Amino acid sequence: QVQLVESGGGLVQPGGSLRLSCVASGFIFSTHTVGWYRQAPGKQRELVATITSGGSTNYADSVKGRFTISRDNAKRTEYLQMNSLKPEDTAVYYCNAYSVRYGVDYWGKGTLVTVSS
């Protein structure tokens, strides 16, 4: 059974930091592109960052220079280090894993990040 389980969300003040984690199971993690998406209240889900099986990264312009995505294939875990957080970063953050080769697209249930003073 495929599972993606996020953790690390919470309430943080503007300018603060959080690290999100996503532990995967039920598929070959190392062969999939993984990433983070977010959905703010009343808005569509949007890409935050992705990292390929080879380690290439891609970021939304709004988070470049503040967020860092990484992965540990041995631990089947992806991370999102978020620094210099802003109120507009408030959203539910979702973990994703996909493979064009295998034709699959998996999602976690999300973790809430609230940036507020």
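Of the 29 residues in the largest nonpolar core, those touching the most other members are L4, W36, V48, F67, L80, M82 and Y93. A nonpolar core is here a set of buried Ala, Val, Leu, Ile, Met, Phe, Trp, Tyr and Cys residues joined through side-chain atoms within 4.5 Å. At least two residues of this core come from each of β3 (18-25), β4 (33-39), β5, β7 (67-72), β8 (77-82), β9 (91-99) and β11 (111-115). Strands (E, at least two residues) are DSSP runs, numbered from the N terminus. The model is a predicted one, in which local features need pLDDT of at least 70 and side-chain atom pairs count only at pLDDT 80 or more, while totals for chains, interfaces and linings use all residues. Residues are numbered from 1 along each chain as its sequence is written, and side-chain values use heavy atoms, with hydrogens and water left out.

Next comes the disulfide, defined as a pair of cysteine sulfur atoms within 2.5 Å. The count by this rule is one: C22 and C95 are linked, with their sulfur atoms 2.0 Å apart. The link of C22 and C95 is left-handed, with -80 degrees about the S-S bond. Because C22 sits in strand β3 and C95 in strand β9, the pair ties together parts that are 73 residues apart in sequence. C22 is buried, at 0% relative accessibility, and C95 is buried too, with a relative accessible area of 0%. Buried means under 20% relative accessible area, exposed over 50%, and partly exposed in between (1.4 Å probe, protein chains only).

Two further buried residues are worth a look. F27 is placed in the loop between β3 and β4 and counts as buried at 10% relative accessibility. Leaving aside neighbours within four places in sequence, F27 is in contact (heavy atoms within 4.5 Å) with V2, Q3, L4, H32, R76, A97 and Y106. F27 and A97 are 70 residues apart in sequence, yet their C-alpha atoms are 9.7 Å apart in space. T50, in strand β5 (residues 46-51), is buried at 11% relative accessibility. With neighbours within four places in sequence again set aside, the contacts of T50 are T33, V34, G35, Y37, S56, T57, N58 and I69.

The backbone also has points of interest. R76, one of the contacts of F27, has a positive phi of about 55 degrees although it is not a glycine. R76 lies in the loop between β7 and β8 and is partly exposed, at 27% relative accessibility. S84, in the loop between β8 and β9, is a residue other than glycine with a positive phi, near 50 degrees. At 41% relative accessibility, S84 counts as partly exposed.

Conventions
Helix = DSSP H or I, 4+ residues; strand = E, 2+ residues; numbered from the N terminus.
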